[in-house]
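Biologist: I'm new to this one. Could you show me the model and walk me through how you pick your words for it?

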Amino acid sequence: MGMMKVMSSYRKGRIKDAAFRRLISWMLLIVLGVLLLLVLLRTNTISGLITSYRYEGFESFEIEDFSRPPPTKKVKVKLNLPKQNSLSVSLEVRNKLPPRNMDLYPRLAKDHIVIVLYVHNRPKYLRVVVDSLSRVTGISETLLIVSHDGYFDEMNEIVEGIKFCQVKQIFSPYSPHIFNGSFPGVSPRDCKDTDDPAEKHCEGTPDQYGNHRSPKIVSLKHHWWWMMNTVWDGLKETRNHVGHILFIEEDHFIFPNAYRNLQLLAELKPDKCPDCYAANLAPSEVKSRGEGWDALIAERMGNVGYAFNRTVWNKIHMKAAKFCSFDDYNWDITMWATVYPSFGTPVYTLRGPKTSAVHFGRCGLHQGADKVACIDNGEVSIDLVDDDKVTNIRSDWGVHVHEHQSGYQAGFKGWGGWGDLRDRQMCMDFAKMYA
């Protein structure tokens, strides 16, 4: 009996020893497995296998690589922009400077609408616009960005003298006006007028009417497109702005009530006109002062004092190929004739029944410096009444829709001037600058 107990105890001890040894073996195997996995991950062997594995029948689907942290930087898109000269480089550096007058106006209003004024070289006009802006109610609450097509000392001095709000200057570093002897300026090898490239051994692609590019003319479209991409997606001050941005030109006189009216229009637009893409300070018919009705007006978007938000910009940006390939040197006609129609629905803008801005220019934007004939007696006289100095839009008004307005019909191919493949390529590169 005693011997049986001893044998039983011995067998139990051996069983425990065997179980213990198996446990130790499994633990060693687990440790070795973990070490091996760490080595494989360190050498990217496993992650390489994971990312390259594809499900059978779903060749386009790849398993996500969880072993690597998400990328912190966007992949730089390779651009084919022209080689910059020293002035171009210096202007690009200057574009990164912070706004001036931040000591006078350290904070922007929470609901501010950024104002972008784009200019070329008409200093008399610019002085009129700047003076009108200085009298706008609420102007000190916002940021004014002045976008220059070319560098001109007198234009620069006028802007540097602004003291009524924060102001930032930007200069298109690829403006044809700052390139002498090379594209996008005038190049010695460029074809001229209706030259045959094969016969003249010159460079260039004619437009649909057989005419070659004019740098002074194509700069209109280039500047607008560069400015839009830079303001919405490039500048530190505006690339995260979600509200509206107002765009005006150097020959737009802005009424004192413009900013407050625009703020109200932007606020009312989602409810009053959810299909409206923008808000305008003036009627699309530039000679009109408005209907004077007790109603808001929805009509096709005009090019005097127009404002829209980032959602609309994203829709426009997605149509870069249409914008850049349409043979018309005018940015606004390009938008009306090909970009807006591609949205699939009518592109309406909301405005008040009385204008808050007027176009006073008598010369084309890029006809050079001021000529006496551009401004009567060298001055601009705009008659303002009391109603132009206060908010004259009411939130309880209904909306009158102007339907069937005249415009560019389907099949319109543009006025030309935009046939050179180099211009089209640079235009597309502008759309990718901040991708």
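Predicted model: local features only at pLDDT ≥ 70, side-chain atom pairs only at ≥ 80, totals over all residues.

Biologist: Why is Arg213 called buried?

Modeller: Its relative accessible area is 9%, and buried means under 20%, so Arg213 counts as buried.

Biologist: What makes the link between the side chains of Arg213 and Asp423 a polar contact?

Modeller: The distance is 2.8 Å, and the cut-off is within 3.5 Å. The Arg213 side chain also reaches the backbone oxygen of Pro184, at 3.1 Å.

Biologist: How do you know that Arg422 and Glu203 meet in a salt bridge?

Modeller: Their side chains are 3.9 Å apart, N to O, and a salt bridge needs that pair within 4 Å. The two are 219 residues apart, with Arg422 in helix α12 (residues 421-432) and Glu203 in the loop between α6 and α7.

Biologist: Buried or partly exposed: which is Arg422, and which is Glu203?

Modeller: Arg422 has 16% relative accessibility, so it counts as buried. Glu203 is at 32%, which falls between the 20% and 50% limits, so Glu203 is partly exposed.

Biologist: What does the salt bridge between Arg260 and Glu141 tie together?

Modeller: That one is 2.6 Å, N to O. Arg260 lies in helix α8 (residues 258-272) and Glu141 in the loop between α4 (123-134) and β2 (143-148), so the pair ties together parts 119 residues apart in sequence.

How values were computed. Residues numbered from 1 in each chain as written. Heavy atoms only, no water. Buried < 20%, exposed > 50% of the residue type's maximum accessible area, 1.4 Å probe, protein only. Polar contact = N/O pair within 3.5 Å; in protein donor to acceptor, adjacent residues only side chain to side chain. Helix = DSSP H or I, 4+ residues; strand = E, 2+ residues; numbered from the N terminus.
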